[in-house]
Amino acid sequence: MQNPEVKMLNESIVNGLTSPDTNLRKEAQEGVNDYLRLRMREDGFARRILPPVSVTPADLDRQVDTPKPVIVKDIEPTSAGAYTVPFGTTPMDHYIMAPRYRVMFDRILSRRYNADVNNLLTWDMDIRQILNDFLLKDIMAEEDRKFTAVADVIVGTVNTVNAVLGSCQWITVGAMSRQSLSHAMKGMPSTNRHLNPAIGLVNNITIWDIVALGRDQIGGDLAEELFVNGFAERVIMGLKWAITIKTDLVADDEIYMFAEPKYTGDFFVLDDVTISTKHEDYFLEFFAYESVGATIQNAAAVVKATFSGSQVNWRTGA
Amino acid sequence: MGTLIPAQMFDHSLDVVKGPSLMHRLDFHAAPAADEVIYAGGLCSLNALGQLVAGCPAGADQVRPMPMFAIQNVDDFDANSDVGNISGGVMSAVVAPGGFEIETTEYDTAETYLPNTLLTGGAVDGEVAPAAGSPYGAEPIVGVVSTGAGANAEGKSVLRFWTVFLPASTNVS
């Protein structure tokens, strides 16, 4: 037996999406889009680490050799340094240069689903929820997959010093403890850019190891609260924690730490997630798409620690 | 006086002039093989790892690479991107038996193309050229010339043909 409220909502959506009245159809589609966008903001961890910024065609930079959209941004220049001289000495010249980088866009698509309209009406579940499960979760997973892939390229090989930054970006820190957690926190400040981590990304398994830290390790009140209430999003050790169920992207016993977004990179949304629907006779087909461009432009803004093995020094990898 | 001639977005191009509607045409997306140079309009196929490579080898026995024609250049911003960007990593192509008539810049311009000439992979990977043998011989047939070679609206030399796939049938690769 269907829930009458869900049934009514589903009928309203299906009737709207299949209506010959273009206004009704547009209204139904916008309602679904609004719902999906709200869910999108909540569910993807890449978007929690780098809050998305909407851009318009006016923000795009044109190139001669390609029609592909791109945004060119400046990177803070490094100064040539000061030095001590005796009186009567003139300064050395240095022509001002500053690096730039490009934010490039591509499209993420869901599969194009289709169904007989009458079959859709028999669903007990809210159709918006079905769309969320079929369309949005896959899009967010793809965003997060690409984001993690870039982070993994940047952190490089475990226990290996990045010569440019003068520090490792991924080390083993030993089993989870207050000490290993605080050692993990030293990673980002150990680079020659001295950033501080602002957000930690762990999976929903590893977070329980933090919950398991006892009264003697993280303090009585916090230990008791974590024991009683579990882990809600909170700041511990100055770090905001993002917890993901995507254990294929963030493995057990691993933590990624990211600097504040302004030091890390960009997340530009050119086309926010949009559902496209098409109704032909009794078939309804739909798919979702978006176009985003994101970067982790500052290599020093991401580090990773693995809570296993022996603890090594961030600066030496030994 | 300037002497530089900048690259243009139409230097390499695939123009599907006839075929199924855009939203339902038979295209395919995959990651290109490392360091592979594939131009828009270029003949390409999958290697054993499922990566796109330039050209379409004959294959052997029951494994005969499917010819495709690239929609993007391998280094277009939506197919590849600068370090630090999350975009790219995948390119797409129309699949030869999908029922297309295409115009491509990627062909051997030294050859002559009469209507109905069978096409195969050229000496340069990614280009097409007239087939040397009969269908189902030593080389895969990837197209049949329709109107032939000419200049497109941008002044680039292009070859117009129907895309087909007649696999090679001997164990020559």
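Predicted model: local features only at pLDDT ≥ 70, side-chain atom pairs only at ≥ 80, totals over all residues.
Tutor: Two strands pair if DSSP finds at least two bridges between them.

Student: Which strands of chain B form the open sheet of 6 strands, and in what order?

Tutor: The order is S1-S7-S11-S10-S8-S9 in chain B, and the pairing is antiparallel. At the edges stand strand S1 (14–18) and strand S9 (128–130) of chain B; each has a single partner strand, so one side of each has no neighbour in the sheet. On average, neighbouring strands of this sheet are turned by 40° against each other, direction ignored.

Student: What is the order of the strands in the open sheet of 5 strands in chain B?

Tutor: That sheet runs S2-S6-S5-S3-S4 in chain B, with antiparallel pairing. Strand S2 (27–30) and strand S4 (52–54) of chain B are at the edges; each has a single partner strand, so one side of each is left without a neighbour in the sheet. From one strand to the next, the twist averages 45°.

Student: What makes strand S5 and strand S6 of chain B a pair?

Tutor: Strand S5 (residues 68–70) and strand S6 (residues 91–95) of chain B are joined in the antiparallel sense over 3 bridges. Since the definition asks for at least two, they count as paired. Met68(B), for example, has Val95(B) as its bridge partner in S6(B).

Student: Let us turn to chain A. How many helices and strands has chain A?

Tutor: Chain A has 11 helices and 15 strands. Its C-alpha trace spans about 85 × 60 × 30 Å along the principal axes. Of its 318 residues, 33% count as buried. Among contacts in chain A with a separation of 6 or more, 77% join residues 24 or more positions apart.

Student: How does the radius of gyration of chain A stand against that of a compact globule of 318 residues?

Tutor: A compact globule of 318 residues would have a value near 20 Å, but chain A has 25 Å.

Student: What makes Arg315(A) buried, partly exposed or exposed?

Tutor: Arg315(A) has 16 other C-beta atoms within 10 Å. Buried requires 20 or more and exposed requires 12 or fewer; the count for Arg315(A) is in between, so Arg315(A) is partly exposed. Arg315(A) lies in the segment after strand S15 (302–306) of chain A. Not counting residues up to four places away in sequence, Arg315(A) touches Gly166(A), Ser167(A) and Ser190(A).

Student: What are the phi values of Asp253(A) and Asp281(A)?

Tutor: Asp253(A) has a positive phi of about 65° although it is not a glycine. Phi of Asp281(A) is near 50°, also positive in a residue other than glycine. Asp253(A) is in the loop between strand S11 (239–244) and strand S12 (254–259) of chain A, whereas Asp281(A) is in the loop between strand S13 (265–280) and strand S14 (283–296) of chain A. With 18 other C-beta atoms within 10 Å, Asp253(A) is partly exposed; with 8, Asp281(A) is exposed.

Student: Which residues have the most contacts inside the largest nonpolar core?

Tutor: That core has 53 residues, and those with the most contacts inside it are Ile49(A), Ala151(A), Leu201(A), Tyr256(A), Phe258(A), Ala294(A) and Val302(A). Beyond its neighbours within four places in sequence, Ala294(A) is in contact with residues including Phe147(A), Phe268(A) and Ile86(B). Apart from this core lies another of 37 residues, among them Leu43(B), Leu118(B), Leu119(B) and Val145(B).

Student: How many residues does the contact take from chain A and from chain B?

Tutor: The contact takes 21 residues from chain A and 14 residues from chain B. The side of chain B that touches chain A has 5 nonpolar, 6 polar and 3 charged residues.

Technical notes. Residues numbered from 1 in each chain as written. Chains lettered and ligands numbered in written order. Helix = DSSP H or I, 4+ residues; strand = E, 2+ residues; numbered from the N terminus. Axes fitted to C-alpha atoms, helices over the stretch in contact; angles between N-to-C directions. Core = buried A, V, L, I, M, F, W, Y, C linked by C-beta atoms within 7 Å. Contact = placed C-beta atoms within 7 Å. Nonpolar A, V, L, I, M, F, W, Y, C, P; charged D, E, K, R; others polar. Rg over C-alpha atoms; globule rule 2.2 N^0.38 Å.
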